Amino acid sequence: MTSMDAFPDVSVLKGLARQQLAMSLGNFYGKKDLVIDPTLMTPLDRLTGVQFLKEKGVDKIFKLEHKEILGGCDQRVYIVRPEVKIMRQIAAHINSDKRAEKLRKYRILMVPRQLHICNMILEQEGVLGNTVLIEDLHIDFIPLDSDIISLENPQLLNAVFREGDQTWLHTVARSIVNIQAAFGTIPNVYGQGHNAKIVDELVKTLTSEFDEKKSPLQHQIGHLILLDRDVDYVTPLCSQVTYEGLLDDIFEIKCGAIDFGPEVTGTEKSVKTLLNSDDAIFDQIRNRHFTAVFKFLSSRAKEIQANYDKRHNMELQDLKNFVASELKGLKQEHRSLTLHIGASEVIMKHKTKGSLKKGDLQDILRIEHSLLEGSDFRECVAYIEECIHRQYDMLLTLRLLCLLSCTTSGLLSKDYQNLKTQFLHSYGFEHMITFFNLKKAGLLTEAQTGKETSIESNLNKLADSRAVGSAVSYVTSSLAALQKKDWFRTVSKKLSLIPKPGTENNTHHPSDMSYVFGGAYVPLTCRLVEQSLQRQGWSGLEDVLRHLPGTTFEKQEARSAKAGKTGATMASKVVLIYFIGGVTYSEIAALRFLGRQKGYKVLIAATSIINGSRMLESFVETVK
Amino acid sequence: MSSVRFRPSGAQPKEGDDDYWNSSGFKPFNFNDDDDEEDSIDVIRWDGSTAAPIRPKSQTSLSKHRPPVTQAMSSPACGITSARAYGSARKQHFPSSPATLPQHSEPMTAKPNGAARPTSGTDQRTLTEVVTAHSAPTATDFAKLETANYSLRRQLAQAKRDQAAAPSKSETLCRLITGGTYILELYKSKEDKAALLDGAIQRHDGNAILAATLFMRDTLKRDLFSKELMKRAVAVDHYCAYLRAAGEIDELHETLSALGRTEEAAMLKYRQCLATTSASNPEIRSSALKDCIKYYFDCDLRLSNETSAIQEQIMLMERQSAVEDSDSAAEKSGTVQVFKSHPRRDSIVYKSVITTLYYCCYYHWGEAEGLLSSPTSIKNQHKIGEKQFLYTALAALCRMRRWRDIEALLTVPKSLFRSARLHATIGFDKVVDVLSKNLAPPDALGKYCAEIEGNEKRLEMAIKLKSFKVAIDTLVYTKDRQKLMAYLDEIPQANQHMRQYASTQLRSQDIKWRN
């Protein structure tokens, strides 16, 4: 395919990030130790290796922990996220060095930028001075694959959507500015969501404040679609059934890599492997519905066997060629095939047998489908109660609870209280804080019935009047948006997210994006992407969008100006979809499918890759 | 050092003036050189290569050695992506000092040069010409110098004022957003502070919003600050997020209370209460929780559900503490058989109600309700539903292998009109599922498997659990001969008894097979 060449090569971003790191380390002459924020370990691993760091004069590498670091040389570099807690830890290190009269030079590299509060905290702790230098380390996107780039910043979800803290949106905007610097200014921008709008405005501000001229480059990306996660909480709450999604749900994919334990490898050792399109076998199965995976793997196994067998009746010369060219590839495929077959077996076990704390995947899927369809409400509630009664994995129970709430626009007061009481009995009273957090994020809410008792409504009024000022903050107002009656039902009907019963969905040869959920549901976000590309904007969708949380916006460049240039027409088929708050592998699979179907090159950017458990984890109270 | 080299090559020794100014023209250049060395390797290389060809020629003109300087200057700012990427880190120190220096020195060097020119020109003129030329321009020259002097003074004053006065608010905000250096302390008026905050909110940068908010907090009177803060909901969000991260709980609580967000404030205090007592004993925690209710929950009727939950939590802790004490003592004494055969794994203190119930079903099944460790007592106190109780008790009893107790649990005693029968509120399919997942042996399962309502479900479960008799009976009951024949093959050869049973049924004349 010729258009393949036009595909923006995101590995450029990796090079830029490495360059940044090399600069920062190179500026600090001599031998030094490295102390890394645990949350940055894996992302840095993806960018560099120990060899690279050693070349830059790194001696020892430590993980930043609360305890003191013993030993090390007289220069030390911290690579950290700009957070209060971390600043305190660093300050503790420096102060303890001071007490021990150890003379050391420090550099604190903040990823991706230093914040006012960080410098303030370091100043308050009395560690600022000649020996401590603070610098920005502008690393934003980590390319996880040729079509996925991620900020790998999962804490953004909690900060932005629960606390209403916009600090990280700057990073999101900055990453877009950098993308535009590398691949040209993107002419068409469509967005949905409160934070998407902010990011769009921030991009403008940053572009002008950095005095960035309109990039002279011919743009390689034609469309940017910005979506807030809270536009669609339903999708990440569903169990995933594509191969890659299942791997993430069961084994957890970290920054594009996975750890297969002994149960998969069949040996004592676990194997860590990268999951991306370089692995030919994986590339073939990652987006498939799980039922279609096994068949492919077995036929592939036969092919490989046949290729191996070829060598038996080969002439010497041919054999030499075979060993030189084919054998290595075959061995690699063999290795990857073994792993994926092992993983599939484990997934099968999870699917049919269930376990003491997990429940049967088949039951769970049935309940999820009913919830999406809006049928058998009582049966669904009964199943969730059973999960609570049997003390199933808490995140599973919470996920179903949130799905129940999101698809019905909040639970009836009676159901809410009833489920909450049972939940607290099963998992601990401290989780009333979890319930509060989820309520604030709009994931698990109590529907306003309108038939409030007079005392309650009076109290509410009193509380409201005490809140001075008319401007209501986003976090509180988003609740109101979500409580619009039955919004999910309305939207799913208008966008036909639930395929009509009777339309047979072939999971082997899908005809529709709904295949990623076994034909039960088209992810809302992916439908929005499809519609906006088809309409080149949001026009005609106002009726749907007003039901969704947040604001809608679009920006288009006059099409006639660029028409005629061949590069521009090529770029008009390249689309970057940015998920603020994270994206799931199911959505990625659906968007890849959409791209193939409609002839678009799809590039997915996200603040992190999430699944139901990881999304909810950030809201769960951990105090015991 | 450079001036030493020039001296021999200098044509006119009399041109001391020129030489002086020329060599002084290097000064910004040298200075710049030093500055770059500190900054980065790349810049050294640039200057090294550019400086070398210039040195010999440098005498010729001042303007000639400016290009390299500006080139070095401009490249971090230019639009090339790579330069853009790492330029910004340097930007904050780099352009501010050296970039302005050459510019400043330029008018200074130019002025005396211009003044020197007429004198050097006089060399070729006659003496009279010199005298007349000398006397004539004095007035205008003086005026010129005067104006130059005036403008320089003005510039100096301006520079001094610039230092003292704050840069415009939008400039400061820009620096906050792009990562430059800024000084907030220059803004003295309340209006300026508020405008700064509003500008930050308008630009949507969390860092700037928080910086402006905290600056206000530190420089305004408490109630003025609150008043200004409360007007801006976005600032409140950022402030609260900061307080939470920094652990300033009391301040956060006060802010939330002032905003009328009582539920959030109460939750915060509840959380703090748990966090500070997580290592202490239950007595301390329960008294802390009682205070928590008294001060933060009782005042709001909307929190009545939460209040009663915390009260339950306190009761639970008291029970856990008592049971834990007596059980660990019993375990230590070594006289109680059950703790020897099934050693306790973990303390139950601070565990959930159901985990506690499970524990008590495991170790204290059948105890009278008066005892704190009695499962029934827990069930009644916490109003545990029948279903939940059954799930928990079944799992615990199954793990203990107390089959007779399970049977008793599932039996409705004989009444006047009905004999005793098996009954389970959760349905026998769930009973069998719980038992099998807790690794009950097949013979313990068979009995309940047979009780499953619905032929299909029963059959499915029986096949899955290899409860052969139930499966055969069900197939016979549904008169499905084909399936039974097929099923016969699935019964292992070792189990002759069941194979026999199935064959007998197949041969039986009493059954009217459907197929």
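User: Which residues touch A:D97, leaving aside its neighbours within four places in sequence?

Analyst: In this predicted model, A:D97 is in contact with A:R76, A:K102, A:R104 and A:Y106, once those neighbours are set aside. They count as contacts because they have heavy atoms within 4.5 Å. A quick word on the ground rules: residues are numbered from 1 along each chain as its sequence is written, and chains are lettered from A in the order written. Local features need pLDDT of at least 70, side-chain atom pairs count only at pLDDT 80 or more, totals for chains use all residues, and side-chain values use heavy atoms, without hydrogens and water.

User: What makes A:D97 buried?

Analyst: Its relative accessible area is 2%. Buried means under 20%, exposed over 50%, and partly exposed in between (1.4 Å probe, protein chains only). So A:D97, at 2%, goes in the buried group. A:D97 sits in helix α4 of chain A.

User: And A:S96, how do you know whether that one is buried or exposed?

Analyst: Compare again: A:S96 has 9% relative accessibility, so A:S96 counts as buried. A:S96 lies in helix α4 too, which covers residues 84-99 of chain A.

User: Why does A:I179 count as buried?

Analyst: The value for A:I179 is 0% relative accessibility, so buried is the label. Look in helix α7 (residues 167-183) of chain A to find A:I179. Beyond the neighbours within four places in sequence, A:I179 touches A:L13, A:F141, A:I149, A:G184, A:I186, A:I221 and A:L576.

User: What makes helices α13 and α14 of chain A roughly antiparallel?

Analyst: The axes of α13 (residues 293-310) and α14 (residues 316-352) come within 10 Å and cross at roughly 150 degrees. Angles over 145 degrees count as roughly antiparallel, under 35 as roughly parallel, 65 to 115 as roughly perpendicular and the rest as oblique. That puts α13(A) and α14(A) in the roughly antiparallel class. On the α13(A) side, the contact residues include A:V293, A:F294, A:L297 and A:I304. On the α14(A) side, A:F322, A:L327, A:L330 and A:L337 are among them.

User: How do you know which way α14 and α15 of chain B run relative to each other?

Analyst: The axes of α14 (residues 249-258) and α15 (residues 262-277) come within 8 Å and cross at roughly 160 degrees. So α14(B) and α15(B) are roughly antiparallel to each other. Here α14(B) brings B:I249, B:D250, B:L252, B:H253, B:L256 and B:S257 to the contact, and α15(B) brings B:E264, B:A265, B:L268, B:K269 and B:Q272.

User: How many helices and strands does chain A have, and how many does chain B have?

Analyst: Chain A has 28 helices and 15 strands, while chain B has 28 helices and two strands. Helices are DSSP runs of H or I with at least four residues, and strands are E runs of at least two.

User: What percentage of chain A is buried, and what about chain B?

Analyst: For chain A, 58% of the 624 residues are buried. For chain B, the figure is 43% of 515 residues. Now take contacts with a separation of 6 or more: residues 24 or more positions apart account for 79% of them in chain A and 51% in chain B.

Notes
Axes fitted to C-alpha atoms, helices over the stretch in contact; angles between N-to-C directions.
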